[in-house]
Amino acid sequence: MKRWLSVYAAAAFGFLYLPLLILSAFSFNRSKFTVWEGFSLHWYQAAFADTELSEATVNSLVIALTATVISTIIGTFCAYGLWKKNSRALLGSLYLTLVTPEIVTGISLLAFYQAIFRFLHARLGMHTVILAHVAFSIAYVVVVVMARLRTVDPRLEEAALDLGANEWQAFREVTLPAILPGVAAAALLAFTVSFDDYVITSLVAGVDSETLPMVIYAIARRGVNPVINSLSAMIFFGFGALILISQRLEHRGSA
Amino acid sequence: MLLLMIAPLGIVCAYSLLTRGPYGGVMRPWSIGAYGRLADPLYATILVRSFWISGVTTTLCLVLAFPLALFISRSGRRKNLYLSLVILPFWTSFLIRTYAWMFLLRDTGLINTVLQTLHVVRQPLPLLYNDGAVILGLVYAYLPFAVLPLYATIERMDVTLLEAAADLGARPWQTMLRVMLPLAAPGFIAAGVLVFIPCLGSYLTPDLLGGGKTVLIGNLIQNQFTTARDWPFGAAASLALMALVMVLLAVALRRRREALL
Amino acid sequence: MRRRYFLLGAGASLAGCARDYRPRLNVMNWSAYIAPDSIPKFEAEAGVRVRYAIYESNEEMLARVGGGNSGWDVVFPSSFFIKPMIGEELLAPIDHSRLSHLDHLDAPFRHPSYDPGLQWSVPYMTGAAGIVFNRSLTPVPSRWSDLWNPALKGRITMLDDPTDVFGACLKRLGKSINTEREDELRAAQREAFQQKPLLRAYINAEVRDQVVSGDVLAAQMWNTTAQQAMDESPAIGYVYPAEGYCAYLDTMVILRESRRQELAYRFLDFMLRPSVAAANALTARTTTTNAAARRLFPPAFRDNPTLYPPPEVTARGEWELALSPATVLLRDRLWTEIKSA
């Protein structure tokens with residue numbers, strides 16, 4: 001059983017990584033096309049020389065990290081609240097944000113911003129993108145955290161209360177540690193949907209808040225361009241290295 | 001924050017009840033004409049097709065994700081590493097991933113080249129621009145959305161229950177079927193919701209991998225807000241879709257006699 | 001938890017660098033429509049910074065600037081989008097005295113029908129949709145009807161845009177691409193239904209690589225994209241179909257909301273300068289409206305029949321116009337039927 005599971009997992013990771021590994025391999029191709037002509041770092045130089053790309057990368061990281069922190073906190077408390085006291089209104093509105101097609105969310109958020117900005121004399125920018133990302137990622141956080149909360153026994157917290165803890169302590173000391181892996185998974189998901197979002201972002205982004213997906217979309221629409229291969233290889237290996245390093249740190253910390 | 005989630009919805013409602021402006025956008029008078037136009041067999045076929053594609057995708061995602069989530073939850077200290085590895089491909093842009101698949105599936109792409117070199121096929125297989133390619137792309141895009149909630153539930157599962165089942169003589173597959181799957185039900189539901197719903201609204205994958213030859217409900221709505229510039233109809237169509245999905249969710253919940261979340 | 005801090009730290013340190021505080025002009029243009037060094041050159045000359053973003057459709061651009069407080073200064077709408085944008089009060093009138101290079105424009109573009117006297121817009125580039133094909137085909141395509149050839153089943157693509165697909169179908173029937181008549185549009189739809197089983201996909205500029213690689217043998221394509229494919233492979237050809245074709249013109253406008261009109265004029269005048277206009281057309285492989293720029297081209301590019309076809313070919317072209325809302329509605333409905341068939 002265990003061995004089959006490992007074989008399967010290897011196959012599944014193969015499925016997930018195959019397209020990207022091939023793209024990464026071709027990012028070292030000298031030719032602009034899909035025929036191998038020899039090794040070259042030309043496309044990496046081109047990617048580094050592109051200030052638009054580096055600026056968009058910074059924007060994307062700032063937006064995704066901020067939105068992840070905010071939405072994970074709000075989402076976890078929403079889930080916790082729903083777990084303690086079922087609220088149809090909150091649940092319903094959360095589901096509505098999930099059900100809304102992205103383009104509709106984007107257009108309506110844009111209309112909403114434009115309506116209130118007319119009075120506030122403000123403009124679209126990073127803050128509007130972050131707000132939009134928080135708005136659409138909360139629901140993802142709630143769903144994932146909630147799935148985890150449902151496996152927690154409510155009596156544990158009641159016991160803590162009986163033993164003299166206040167509600168905040170009961171949450172912090174008992175429930176939160178129990179759901180932490182769920183919260184981490186939710187944060188990962190929130191970061192992913194935020195970092196990868198194109199449709200909504202492209203509508204609510206202002207002049208100084210181009211994100212990476214927007215730039216990539218623009219490049220890709222012009223046809224094959226190995227610069228995006230080298231860029232994706234860099235994102236891919238960069239984040240991969242980050243994950244491995246943090247894993248090392250974590251293990252050293254726990255050991 | 002709640003305002004940020006609800007106010008846009010109000011705006012969509014208002015749009016759906018207005019009239020299309022001469023250059024797009026919306027204007028008065030108020031009208032329910034947009035809803036009237038929804039009652040058209042053309043849109044029913046599009047809807048059925050979208051449900052079919054999303055349903056197949058969701059089923060595949062759940063089936064593929066469960067063993068993976070199980071594997072990760074059994075990996076001890078490596079858990080977080082594997083979990084991150086599931087997510088990692090998704091930090092490269094969605095578009096890059098889709099183009100990578102197009103690159104693999106093309107007539108002169110890797111898969112066909114390998115098959116032809118090995119003399120498995122003579123003519124390149126038409127892998128790109130059909131429903132199969134769309135479903136493949138969607139499964140690939142939404143797989144982590146299924147793995148994460150499943151992992152979150154399985155990881156928490158009481159291993160002693162499984163051991164008890166084994167001690168009582170259950171075979172591994174019996175344990176899996178009778179004990180583990182029911183215990184993982186909340187994860188399955190969360191995963192199903194997280195995959196099915198965004199699938200229904202997706203439009204870029206069907207466009208790029210399906211070659212624009214099929215219209216799913218997401219494409220229809222997207223098109224109303226872009227080329228057709230018919231915002232009232234787009235808003236009405238999306239509200240109808242949202243209402244339908246909400247009703248389905250409510251029915252599914254009632255049958256299970258428990259809250260979905 | 002540590003991972004989060006680590007990422008936060010990395011993000012914060014990255015955010016610390018790479019900001020620039022020169023005055024800034026915000027320009028949004030179609031993708032692949034400018035020479036790579038034009039913007040840096042303007043930045044150096046004017047001592048400003050340009051935020052240069054791109055879009056893929058007029059509608060996308062309109063959605064982004066439509067609120068009237070988007071922050072953009074200069075955009076590049078197609079000619080048939082000028083009237084709607086005037087209607088929505090988005091455009092600033094053009095003051096000709098502030099543009100020294102305006103008279104370099106080709107004569108026909110100085111008094112266009114969509115904006116007589118160029119009160120609101122300045123012509124930029126033109127384009128057209130014809131057929132790009134692989135020269136291995138015999139005979140090579142010369143008319144739209146050749147895209148209905150069953151022998152090419154699965155190796156043909158059409159543009160993913162109702163205007164272009166209906167344009168080709170209407171031209172095949174000998175009608176105007178700007179028709180407002182329902183019976184003609186329905187007849188065109190029947191043509192599209194007939195063609196659909198033969199098609200590999202409805203796809204835009206991204207098909208270029210599949211044309212070059214030989215996956216696609218014949219495709220409805222814009223001349224500038226076709227020229228890029230031809231630059232890459234000698235096996236590729238392009239033809240303006242005998243039945244006639246759809247032509248379009250893109251313009252430069254200054255948005256009414258712009259707070260940097262002075263700078264915007266300076267940018268427009270820069271783009272009209274013959275050397276700059278020539279560089280833009282030459283690298284983007286497009287058709288400039290600037291006569292003085294054309295004189296600066298190397299002869300091979302100036303006489304190239306894909307981008308600068310002779311007068312007997314341009315006579316077959318028909319300019320794309322703005323259709324009435326009712327026609328747009330009908331056409332979109334028919335288009336949805338074609339796509340979901």
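**Entry 1**

I began with a crossing: α6(A) passes α10(B) in a left-handed way. Left-handed is used here when the near helix is turned anticlockwise from the far one by less than a right angle, and right-handed when clockwise. The names come from DSSP runs numbered from the N terminus, with helices being H or I of at least four residues and strands being E of at least two.

Before going on, I noted what I am looking at. This is a predicted model, where local features need pLDDT of at least 70 and side-chain atom pairs count only at pLDDT 80 or more, while totals for chains, interfaces and linings use all residues. Residues are numbered from 1 along each chain as its sequence is written, and chains are lettered from A and ligands numbered from 1 in the order in which they are written.

Back to the pair. Two packed helices are described by the angle between their axes and the distance between the axes. I found α6(A) and helix α10 of chain B, residues 185–201, packed at about 165° with axes 9 Å apart. That angle makes α6(A) roughly antiparallel to α10(B). For the wording, angles under 35 degrees count as roughly parallel, over 145 as roughly antiparallel, 65 to 115 as roughly perpendicular and the rest as oblique. The axes are lines fitted to C-alpha atoms, for helices over the stretch in contact, and the angles run from 0 to 180 degrees between N-to-C directions.

Which residues make the contact between α6(A) and α10(B)? On α6(A) I listed A:Y140, A:V143, A:V144 and A:A147, and on α10(B) they are B:P186, B:G187, B:A190, B:V193 and B:L194. Two residues are in contact if their C-beta atoms, placed from the backbone, lie within 7 Å. By class, this contact of α6(A) with α10(B) holds 8 nonpolar residues, 1 polar and no charged. Nonpolar covers Ala, Val, Leu, Ile, Met, Phe, Trp, Tyr, Cys and Pro; charged covers Asp, Glu, Lys and Arg; the others, Gly among them, are polar.

**Entry 2: another pair between A and B**

Next I looked up α8(A) with helix α7 of chain B, residues 131–154, and their axes come within 9 Å and cross at roughly 170°. α8(A) and α7(B) are therefore roughly antiparallel to each other. From α8(A), the residues A:P181, A:G182, A:A185, A:L188, A:L189 and A:T192 meet B:P144, B:L148, B:Y151 and B:A152 of α7(B). I sorted the contact of α8(A) with α7(B) into 8 nonpolar, 2 polar and no charged residues.

**Entry 3: the whole A–B contact**

How many residues does the contact take from each chain? Chain A gives 69 residues and chain B gives 66. The elements of chain A that give two or more residues to the side touching chain B include α1 (2–26), α6 (126–149) and α8 (167–196). The largest share of that side of chain A, 12 residues, comes from α1(A). The side of chain A that touches chain B divides into 50 nonpolar, 15 polar and 4 charged residues.

**Entry 4: chain B and one of its loops**

I counted 13 helices and 2 strands in chain B. The C-alpha trace of chain B spans about 70 × 55 × 35 Å along its principal axes. Of the 261 residues of chain B, 52% count as buried. Buried needs 20 or more other C-beta atoms within 10 Å of the residue's own, exposed means 12 or fewer, and partly exposed lies in between, with C-beta atoms placed from the backbone.

I then picked B:A228, in the loop between α12 (217–225) and α13 (231–256) of chain B. Is B:A228 buried or exposed? B:A228 has 23 C-beta neighbours inside 10 Å, so it counts as buried. Leaving aside neighbours within four places in sequence, B:A228 is in contact with B:N223, C:V328 and C:D332.

**Entry 5: domains in chains A and C**

Domain bounds here come from an automatic or database domain assignment. Chain A is divided into domain 1 (52–223) and domain 2 (231–255), with their centres 24 Å apart, taken over C-alpha atoms. Chain C is assigned domain 1 (22–126 + 249–308) and domain 2 (127–247 + 314–340).
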